[in-house]
Protein chains: 2
Amino acid sequence: MKQAIILFGHGSREARWIEPFERLAARIRKRLPGIAVRLAFLELLSPDLPAATAELAAAGVQWLRVVPVFIGAGGHVRTGLPALIEGLRRQYPAVTLECVAAVGEDDEVLEALAVYCVRDLP
Amino acid sequence: MKQAIILFGHGSREARWIEPFERLAARIRKRLPGIAVRLAFLELLSPDLPAATAELAAAGVQWLRVVPVFIGAGGHVRTGLPALIEGLRRQYPAVTLECVAAVGEDDEVLEALAVYCVRDLP
């Protein structure tokens with residue numbers, strides 16, 4: 001089964017904004033060399049989620065996970081994203097499309113954030 | 001020395017957006033019960049960074065770390081925040097004010113994000 005992960009982020013006009021997303025994609029590729037990893041954005045950057053999904057579906061991906069790479073999940077993620085995913089499921093019935101909770105919901109991610117926040121305090 | 005940490009986030013109109021920030025603050029308080037932990041926001045929520053800093057300075061905090069809780073750091077964080085911090089340092093000369101890199105710059109945070117992204121793949 002051909003699998004893929006889309007890291008779904010907000011997007012920004014600032015050129016260096018994307019760097020952590022690219023570093024995250026590289027880490028995932030290193031862990032799972034067989035999986036396709038793509039970035040997609042809510043606004044200001046390309047591709048958007050439908051375009052990234054279309055590319056992966058055309059490449060024969062059968063199982064796709066969308067990870068909302070947001071710490072706080074605003075209306076775009078809580079309301080807009082499920083509706084978008086539902087539309088993509090209808091559009092690509094051959095692709096099993098899973099959307100997980102935003103990264104900021106995860107206990108282990110929060111723990112890593114907490115460790116970072118207190119690191120090297122005087 | 002009275003220390004504090006400000007978790008600086010974007011802000012949102014969505015009520016539940018703030019939850020991961022509150023959970024993160026609670027984790028830090030549990031790790032370091034002696035430290036004051038506050039949230040502050042760029043927009044849409046209160047307090048902003050100057051108001052949070054004023055409250056902590058008035059409470060006698062002498063050492064303050066600001067953590068930009070952003071995965072991608074846009075113009076607000078890369079350009080606006082250093083200028084804001086510089087102004088606060090002038091305004092509160094008795095407070096040592098440290099601003100660390102955005103959480104998304106940290107290798108261990110990225111590793112936790114990567115682990116989350118690939119967890120329980122079929």
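Let's start with the sheet in chain B: four strands form an open sheet in the order β2-β1-β3-β4, and the pairing is parallel. Strands here are DSSP runs of E with at least two residues, helices are runs of H or I with at least four, and both are numbered from the N terminus. Two strands pair if DSSP finds at least two bridges between them. The edge strands in chain B are β2 and β4 (96-99), each pairing on one side only. On average, neighbouring strands of this sheet are turned by 20° against each other, direction ignored.

Before I go on, a word on what we are looking at. This is a predicted model, in which local features need pLDDT of at least 70 and side-chain atom pairs count only at pLDDT 80 or more, while totals for chains, interfaces and linings use all residues. Residues are numbered from 1 along each chain as its sequence is written, and chains are lettered from A and ligands numbered from 1 in the order in which they are written.

Back to the sheet. Which strand is joined to β1 of chain B by six bridges? That is β3 (residues 63-68), which runs parallel to β1 (residues 3-9). Helix α3 (residues 75-91) of chain B lies across β3 and β4, running at about 175° to β4(B). Axes are lines fitted to C-alpha atoms, for helices over the stretch in contact, and angles run from 0 to 180 degrees between N-to-C directions.

Now to chain A. It has four helices and four strands, and along the sequence they follow the pattern β-α-β-α-β-α-β-α. The radius of gyration of chain A is 15 Å, close to the 14 Å that the globule rule gives for 122 residues, so this chain is as compact as a globular protein of that length. That radius is taken over C-alpha atoms, and the rule is 2.2 Å times the number of residues to the power 0.38. Of the 122 residues of chain A, 40% count as buried. Buried takes 20 or more other C-beta atoms within 10 Å of a residue's own, exposed 12 or fewer, and partly exposed is in between, with C-beta atoms placed from the backbone.

Two backbone details are worth a look. The peptide bond from A:Ser46 to A:Pro47 is cis, with omega near -5°, and A:Pro47 lies in the loop between β2 (36-41) and α2 (49-58). In chain B, the bond from B:Ser46 to B:Pro47 is cis too, with omega near 0°. Then there is A:Asp120, in the segment after α4 (107-118) of chain A. Its phi is near 55°, a positive value in a residue other than glycine. Is A:Asp120 buried or exposed? It counts as exposed, because it has 7 C-beta neighbours inside 10 Å.

Last stop, where the chains meet. The axes of α4(A) and helix α1 (residues 19-31) of chain B come within 9 Å and cross at roughly 55°. That makes α4(A) oblique to α1(B); angles under 35 degrees count as roughly parallel, over 145 as roughly antiparallel, 65 to 115 as roughly perpendicular and the rest as oblique. Among the residues making the contact are A:Leu110 and A:Val118 of α4(A), with B:Leu24 and B:Ile28 of α1(B). Contact here is between residues whose C-beta atoms, placed from the backbone, lie within 7 Å.

How values were computed: Contact = placed C-beta atoms within 7 Å.
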